[in-house]
Amino acid sequence: MKTECLSDYVKLNGKVYPCTVSMAMDLVGGKWKTVILYHLKDGKKRFSELNREMPGITEMTLSLQLKQLEKDGLVSRSVYGKKPPVRVVYDLTPFGRTFVPVLDAVTAWGNQTAREKGEFVDELA
């Protein structure tokens, strides 16, 4: 056990993890979860808005990732209306908002890396 961990294992939502980093990565890891959270940090968005803001993600992947983020308590899903077309809006939960400082740090690191080692461009290659 590393000294920063308070125990040998961590349990959350019925799952046992070997450390808190493993737990955190299960909640927000992968190619799209953190990107989705980033796009929700400034407020509520509809599915179509999220899909437009993330070129490269399929509707199926976005749907699955949103369901997982909702299940893990990071994102809320609100449905307005009773008959189609209903309006569905996604937002960060209070628990999801606790991740915003991490998003800000990742964004700053990404910007610094792009400036120092890459470049900013106006279109996808």
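User: What volume does the largest pocket have?

Analyst: The largest pocket has a volume of about 200 Å³; a volume is the space filled by probe spheres set on grid points, which are joined across faces, edges and corners. A pocket, on a 1 Å grid over the protein atoms alone, is an open set of points where a 1.4 Å probe fits, with protein on both sides within 12 Å along at least five of seven lines. The model is predicted: local features need pLDDT of at least 70, side-chain atom pairs count only at pLDDT 80 or more, and totals for chains, interfaces and linings use all residues. Residues are numbered from 1 along each chain as its sequence is written, and side-chain values use heavy atoms, with hydrogens and water left out.

User: Which residues line the largest pocket?

Analyst: Lining residues have an atom within 4 Å of a point; they are Thr-34, Val-35, Tyr-38, His-39, Leu-103, Val-106 and Thr-107. Helices H2 and H6 (100–117) each give two or more residues to this lining, and H2 gives the most, with four. Helices are DSSP runs of H or I with at least four residues, strands are runs of E with at least two, and both are numbered from the N terminus.

User: Why is His-39 called buried?

Analyst: Buried means under 20% relative accessible area, exposed over 50%, and partly exposed in between, with a 1.4 Å probe and protein chains only. His-39 has a value of 16%, and is therefore buried.

User: What makes the buried residues of H2 a face of the helix?

Analyst: In H2 (residues 33–40), Lys-33, Ile-36, Leu-37, His-39 and Leu-40 are buried. Their directions from the helix axis to the C-beta atoms fall within an arc of 160 degrees, so they line one face.

User: What polar contact does the side chain of His-39 make?

Analyst: The His-39 side chain makes a polar contact with the side chain of Glu-53 at 2.9 Å. The criterion is a pair of N or O atoms within 3.5 Å; within protein, one must be able to donate a hydrogen and the other to accept it, and residues adjacent in sequence count only if both atoms are side-chain atoms.

User: Is Asn-13 buried or exposed?

Analyst: Asn-13 has a relative accessibility of 56%, and therefore counts as exposed. Asn-13 is found in the loop between strand E1 (10–12) and strand E2 (15–17).
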